[in-house]
Amino acid sequence: MENNQAILNFLGIAKRANKIVSGENTLLSEIRNGKVHFLFIASDTGPSTSKKFLDKSNYYHVSVNTMYTKEVLSNAIGMKRTIIGIKDQGISKKMIELTIRIKGE
């Protein structure tokens with residue numbers, strides 16, 4: 001449970017450090033340009049949107065976390081969002097580490 005909270009805390013830190021990207025078109029563009037290193041897709045995102053971003057992230061080798069709902073992600077950054085991209089490589093690396101740890105629990 002502490003790894004879950006750590007991920008959400010890092011997400012809040014990334015927001016305050018201005019290292020997140022959101023908005024469908026902006027995110028797609030940033031993924032294509034190699035500027036997004038980690039992607040959060042809410043578990044309750046619509047199937048077509050979810051598929052679009054999962055396909056993009058697979059093609060461009062961007063790690064994805066789909067464990068949280070829209071509400072949880074929105075609360076972590078203080079604004080309503082369904083899909084959030086992380087631009088910072090250091091924060092992304094830590095997110096990948098924590099996500100792998102949670103899946104292994």
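Predicted model: local features only at pLDDT ≥ 70, side-chain atom pairs only at ≥ 80, totals over all residues.
In which strand does Asn65 lie?

1. Asn65 and its surroundings. Asn65 belongs to strand E3, which covers residues 63-65. Its relative accessible area is 1%, so Asn65 is buried, the cut-off for that class being under 20%. Two polar pairings involve its side chain. In one, a polar atom of the Asn65 side chain is 2.8 Å from the backbone nitrogen of Met67. In the other, the side chains of Asn65 and Thr99 form a polar contact of 3.2 Å. Leaving aside residues up to four places away in sequence, Asn65 touches Ile7, Phe38, Leu39, Phe40, Ile41 and Thr99.

2. Helices H1 and H5. Two packed helices are described by the angle between their axes and the distance between the axes. The axes of H1 and H5 (residues 89-104) come within 9 Å and cross at roughly 160°. Because angles over 145 degrees count as roughly antiparallel, H1 and H5 are roughly antiparallel to each other. The crossing of H1 past H5 is left-handed. On the H1 side the contact involves Asn3, Asn4, Ala6, Ile7, Phe10, Leu11 and Ala14, and these meet Ile91, Lys94, Met95, Leu98, Thr99, Arg101 and Ile102 of H5. By class, the residues of this contact between H1 and H5 are nine nonpolar, three polar and two charged.

3. Helices H1 and H4. H1 also packs against H4 (residues 70-77), at an angle of about 50° and with the axes 8 Å apart. That angle makes H1 oblique to H4. H1 passes H4 in a right-handed crossing, whereas its crossing with H5 is left-handed. Leu8, Leu11, Gly12 and Lys15 are the H1 residues involved, and they meet Val72, Leu73, Ala76 and Ile77 of H4. The residues of the contact of H1 with H4 comprise six nonpolar, one polar and one charged.

4. Helices H2 and H3. For H2 (residues 24-32) and H3 (residues 47-59), the axes come within 10 Å and cross at roughly 15°. H2 and H3 are therefore roughly parallel to each other, and their crossing is left-handed. H2 contributes Glu24, Leu27, Leu28, Ile31 and Arg32 to the contact, and H3 contributes Thr49, Lys52, Phe53 and Lys56. The residues of this contact of H2 with H3 divide into four nonpolar, one polar and four charged.

5. Ile20 in strand E1. Ile20 is placed in strand E1. With 13% relative accessibility, Ile20 counts as buried. Beyond residues up to four places away in sequence, Ile20 touches Leu11, Ala14, Lys15, Ile77, Ile84, Gly85, Ile86 and Lys87. Leu54, by contrast, is 34 residues from Ile20 in sequence, with a C-alpha to C-alpha separation of 18 Å.

6. Positive phi at two loop residues. Most residues other than glycine have a negative phi. Asn18, which is not a glycine, has a positive phi of about 60°. This residue is in the loop between H1 and strand E1 (20-22), and at 58% relative accessibility Asn18 counts as exposed. His61, likewise a residue other than glycine, has a positive phi near 55°. His61 is found in the loop between H3 and E3 and is exposed, with a relative accessible area of 72%.

7. Arg16 in helix H1. Arg16 lies in H1, which spans residues 2-16. Its relative accessible area is 67%, and Arg16 is therefore exposed. Phe40 is 24 residues from Arg16 along the chain, and the C-alpha atoms of the two are separated by 17 Å.

Methods: Residues numbered from 1 in each chain as written. Heavy atoms only, no water. Helix = DSSP H or I, 4+ residues; strand = E, 2+ residues; numbered from the N terminus. Buried < 20%, exposed > 50% of the residue type's maximum accessible area, 1.4 Å probe, protein only. Polar contact = N/O pair within 3.5 Å; in protein donor to acceptor, adjacent residues only side chain to side chain. Contact = heavy atoms within 4.5 Å. Axes fitted to C-alpha atoms, helices over the stretch in contact; angles between N-to-C directions. Parallel < 35°, antiparallel > 145°, perpendicular 65-115°, else oblique. Left-handed = near helix turned anticlockwise from the far one by under 90°. Nonpolar A, V, L, I, M, F, W, Y, C, P; charged D, E, K, R; others polar.
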